[in-house]
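Me: I have a model open and want to learn how to read it. Can you take me through the features one at a time?

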Amino acid sequence: MATRETAAPLAARPAGAGAPLLDVRGVTMRFPAVRGRTGGTVTALADLSLVVARGEFVALVGPSGGGKSTLLSIIAGLDTPTAGSVAVDGDPQAPRLGRVGYMPQRDLLLPWRTALDNAVAGLEVRGVPKAAAREQARALFADFGLAGFERAYPHALSGGMRQRVAFARTVLAARELLLLDEPFGALDALTRAGLQRWLLDIWGRLGATCLLVTHDVDEALLLADRVYVLTARPGRVRLERRVPLARPRRLEALAQLEVAALKAELLAALLEETSAAPGERVDVEGAPR
Amino acid sequence: MSTELDPRAPSTPSFAADARRVARRDGHDTSGAAAPTGEPGQAGLARLRLGGRLALQPWPALVLGAALLLLWQWYASRPEVDPLLLPAPTAVWTALVAQRGILWHHTLVTLGETAAGFAAALAAGFVLGAAIDFSWWLRRASYPLLVASQTIPIIALAPLLVLWFGFGLTSKVIVVLLVCFFPITVALSDGLRSADPELLKLYRSFGAGRLRLFWSVRLPGALPALFSGIRIAITYSIIGAIFSEYVGASDGLGYYIELKQHTFATAGVIAAIVVTALLSVALFLLTALVERLALPWYYAAGRGEH
């Protein structure tokens, strides 16, 4: 039942050849301070650089309020950075709206559309004829464990199913590069664990490139090839680590000694950042540095 | 936040439980009851809400209405009450039956004016509500004028409109338009404005432009709010038409009321009022019905819950 697209071979994993698919260089983002004219600006990101190779799965962890979502918005093409550049496939000028798949934490399904019609939203915007778009979505639904629910409305679906419909929508919109902004953050632990395994499996088969924002170190270790830890605001890369786990992975692998050590290191860095600038309060005080 | 799986869980991700749960709920939806299994209280609550909205449980209202009618009948038939000043319900009924042909004619005229005025208000409200939403400048410029337009007493304006546009249809349509377009415009523009910014951002990431956002995301999302405005407008519309006829017309329920008042045919006046009230209720129910048919998702998901 799998179509050509969903049954893509395990795409060229970190081949090392050519430019990285995503190249973020020296990105700085400043916002005008929310209140008062004298306050000047708030710096959300400061000279942040990172790369994601084609077919790679990269996780981004950092304290809340550290500008991770801002970074994804910039990469998706929704915001323009104050300084720095974002290149996809080596081209910093290429338009990214419509080309980069962006998935926010909430599923944001339209309640007046069926699951299938929600999933084709990105294709529709791109101008793909309705019948062809639905055909693509239907093929993906079978693969996403959503077969039989094409005509269900979002309110009739469970949280996990809604998230899978949202993921299908993202993949259909742009499968080359997927930006996942805490996609499992709003789900209960068991559903989340199920979806993480599912994502591992699907990602392997899609041959997609993923940049995942999360605050869950376990999630990052389970899913990613590499992990970046960001600092508190203003966000920059604090450290970068490769996850020494073979694929396919299982949850049990997280118990391995070297992974446990890595986890401890990441957690320590994260905790230090969190206590350095307690996330929520920074916003109000206006970055007293 | 551990990601350890429950040891009893199957070793491969299985969504069978999800599917079963949903299928069960779906089954309930199609059978008409809104309650998920194991929550008996919710079915009753849903039915009550439905009944309140669509008058599916009219008994309390009927009992109270009958009691008031009886009281009226009793008081009106007392010897010291002049039937010219307060006719009994039976007299009103007699007038209603005797004049049914004439009343029917005037009702159709009033209904036609109302429909034309309401359609114009819907079109004007839609265009204005959308335009206000598209342009910050237009919003700032027109909102004060919109509000000011609602402070003009129709009682002062209607005679002028009759002077300007004559006794015919035009002056009635304009009055109905004036009373109806404001709630529609405001409801639509508020509905459009309340679109989820995250949702808009997501669609922008697909490459959607303003028009696409409007038609695919914001307008469908604003429809429940628009219908709230329409429900308010429709109840005003009949009153607007009748008032305008009362001021100057040669047809319509308002004209009929004015005529009967001049000849002290109080029973006829009240008969026309009864027709007016029935008309308003019928239009309101019609709107509610159209809303239900147009927004099945809104009711299925639970109103206001989004």
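Reply: Start with a strand pair. E3(A) and strand E8 (residues 226-230) of chain A pair in the parallel sense over four bridges. Two strands count as paired if DSSP finds at least two bridges between them. Helices (H or I, at least four residues) and strands (E, at least two) are DSSP runs, numbered from the N terminus. The model is predicted: local features need pLDDT of at least 70, side-chain atom pairs count only at pLDDT 80 or more, and totals for chains, interfaces and linings use all residues. Residues are numbered from 1 along each chain as its sequence is written, while chains are lettered from A and ligands numbered from 1 in the order in which they are written.

Me: Which residue in E8(A) is the bridge partner of Val61(A)?

Reply: Strands of a sheet pair through backbone hydrogen bonds, either parallel or antiparallel. Here Val61(A) has Val229(A) as its bridge partner in E8(A). Val58(A) stands opposite Arg226(A) in that strand.

Me: What order do the strands of the open sheet have?

Reply: The order is E5-E6-E7-E3-E8-E9 in chain A, six strands with mixed pairing. E5 and strand E9 (237-242) each have a single partner strand, so one side of each is left without a neighbour in the sheet. The twist averages 15° from one strand to the next. Angles run from 0 to 180 degrees between N-to-C directions; axes are lines fitted to C-alpha atoms, for helices over the stretch in contact.

H5(A) packs on this sheet and touches E5 and strand E6 (177-181) of chain A. The direction of H5(A) makes about 165° with that of E5(A).

Me: Back to E3(A). Which residues are on each side?

Reply: In a regular strand the side chains alternate between the two faces of the sheet. On one side of E3(A) are Phe57(A), Ala59(A) and Val61(A); on the other are Val58(A) and Leu60(A). Both faces are covered, and these residues are all buried. Buried means 20 or more other C-beta atoms within 10 Å of the residue's own, exposed means 12 or fewer, and partly exposed is in between, with C-beta atoms placed from the backbone.

Me: How many residues does the largest nonpolar core have?

Reply: In soluble globular proteins, nonpolar side chains tend to be buried together. A nonpolar core is a set of buried Ala, Val, Leu, Ile, Met, Phe, Trp, Tyr and Cys residues joined through C-beta atoms within 7 Å. The largest one has 90 residues, and Ile75(A), Ala168(A) and Leu179(A) have the most contacts inside it. Helix H5 (residues 159-173) of chain A gives the most to this core, with eight residues. Apart from it lies another core, of 46 residues, among them Ala158(B), Leu161(B), Val176(B) and Cys180(B).

Me: And what does Ile75(A) touch, not counting residues up to four places away in sequence?

Reply: A contact means C-beta atoms, placed from the backbone, within 7 Å. Ile75(A) touches Leu22(A), Val24(A), Val86(A), Val100(A) and Leu179(A) on that count.

Me: Now a loop residue. Is Arg96(A) buried or exposed?

Reply: Arg96(A) is buried, because 22 other C-beta atoms lie within 10 Å. Arg96(A) is found in the loop between strand E4 (83-88) and strand E5 (100-103) of chain A. Leaving aside neighbours within four places in sequence, Arg96(A) is in contact with Ala76(A), Gly77(A) and Val88(A).

Asp89(A) is in the loop between E4 and E5 of chain A. Phi of Asp89(A) is near 60°, a positive value in a residue other than glycine. Asp89(A) is partly exposed, with 15 other C-beta atoms within 10 Å.

Me: Which residues does the cis peptide bond join?

Reply: Arg233(A) and Pro234(A), with omega about -5°. Pro234(A) lies in the loop between E8 and E9 of chain A.

Me: How many helices and strands does chain B come to?

Reply: Chain B has 13 helices and zero strands. Of its 306 residues, 29% count as buried.

Me: At what angle do the axes of H9 and H10 of chain B cross?

Reply: Two packed helices are described by the angle between their axes and the distance between the axes. The axes of H9 (residues 197-205) and H10 (residues 210-247) of chain B come within 11 Å and cross at roughly 135°. The contact is made by Leu199(B), Leu200(B) and Tyr203(B) of H9(B) and Leu213(B), Ser216(B) and Val217(B) of H10(B).

Conventions
Two residues are in contact if their C-beta atoms, placed from the backbone, lie within 7 Å.
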